[in-house]
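Have the viewer open while you read.

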Amino acid sequence: MRIFSGIRPTGGLHIGNYLGAIKQWIALQEKNECVFCIVDLHAITTPYEPKELQKNILEATAIYLAAGIDPEKSIIFVQSEVKEHAELAWLLGTITPMGELSRMTQFKEKSKQHKDYINAGLFNYPVLMAADILLYKSQAVPVGKDQEQHVELARTIAKKFNLNFGKIFPEPETILPKVGAKIMSLTDPKKKMSKSDDPKSCISLFDSPEDIQKKIMSAETDSGKEIIYNVTKKPGISNLLTIYSLLTDKSTQELEKQFKGKGYGDFKKALAKVLIDYLEPFRRKQKELQTRDVYVKDILNKGASRARIIAQSTMQEVREKMGLI
Ligand code: TYM
């Protein structure tokens, strides 16, 4: 299968991004042809600092590599380096109903969050995302729950293109992780963990051991004392149990047994330790890659060249079908 996924290089990538998306990619790259993108054109639809963008792109690449994405197996590249993304987005925009775009939850949320930055790029964001996916004729898209609606729209757009102009595109399926598709905020476990929120609400993949310890110890818990998985009654502890379970491959039932009779404090201390150890390679890789810019840029250049070959061939077909040549 051809698989495509991406992450916005907005800085502060967190364990939600990792557990919801990247962790799935590692397993998928073994048996599939994977294309993993750093979607800088999406990152500029919300307020950002141009001077920080290149640093954030390199940081996102460091995360992909530290997590175990193998540039020999998978294609890793930066979206804006392959111009066909923007071209296909324009063409797909001509068959995307405005009504569909205005239904998108992420557009509504981001427009509320950045009231004086509601731009056409933000509105068209899902069309560019459909272009990302369809340009590579991808069959599946591993993402967290919040991106499911966008992948469904990409399916709708693919169907419509095929119907109007002739079949080119597969209809891409969403791959959601069984557990971890929506990691919740540490300070408000009813909201999803998000990089645009208070830093205390998320564990960044590069957080120092001290910060991880502090954030976990002060994470919102629930009334009562027991370590029990129950999302409605104990959303805070359940979210922490989910994180613990995903990082240790122990089920939440096993963890309930392990922490029977222990309090929230003991459980949180143990979780902080698990996180600190788990994220150690990320901190190490970040330091190492900070001094190896040339190596990282070389990976991205090679990735872009490989991506371009597929993208250019799809665009040739698209232009023909649409009567542009
Ligand atoms: P982005 O950068 O917001 O998030 C990257 C990935 O992380 C997942 N994610 C989460 N998963 C679980 N719990 C959370 N709290 C959490 N927060 C984020 C997201 O679902 C996503 O999989 N539009 C996309 C990027 C994109 C893309 C694409 C993805 C652009 N083009 C094509 C797939 C295919 C985005 O903003 O992701």
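Helices here are DSSP runs (H or I, at least four residues), numbered from the N terminus, and their axes are lines fitted to C-alpha atoms over the stretch in contact, with angles from 0 to 180 degrees between N-to-C directions. This is a predicted model, where local features need pLDDT of at least 70, side-chain atom pairs count only at pLDDT 80 or more, and totals for chains, interfaces and linings use all residues. Residues are numbered from 1 along each chain as its sequence is written, and side-chain values use heavy atoms, leaving out hydrogens and water.

Helix α3 (residues 50-67) packs against helix α14 (residues 293-321) at about 80 degrees, with the axes 11 Å apart. That makes α3 roughly perpendicular to α14 (65 to 115 degrees). On the α3 side, Ile57, Leu58, Thr61 and Leu65 make the contact (heavy atoms within 4.5 Å).

Now the ligand. It has 27 residues around it, with Arg8, Tyr125, Asp132, Asp146 and Ile183 coming nearest; "around" means a heavy atom within 4 Å. Some polar contacts (N or O pairs within 3.5 Å) are listed here:

| Side chain | Ligand atom | Distance |
|---|---|---|
| Arg8 | oxygen | 2.8 Å |
| Asp132 | nitrogen | 2.7 Å |
| Gln147 | nitrogen | 3.0 Å |

The protein buries 98% of the 710 Å² that the ligand exposes taken alone (Shrake-Rupley, 1.4 Å probe).

Definitions and conventions: Helix = DSSP H or I, 4+ residues; strand = E, 2+ residues; numbered from the N terminus. Parallel < 35°, antiparallel > 145°, perpendicular 65-115°, else oblique. Polar contact = N/O pair within 3.5 Å; in protein donor to acceptor, adjacent residues only side chain to side chain.
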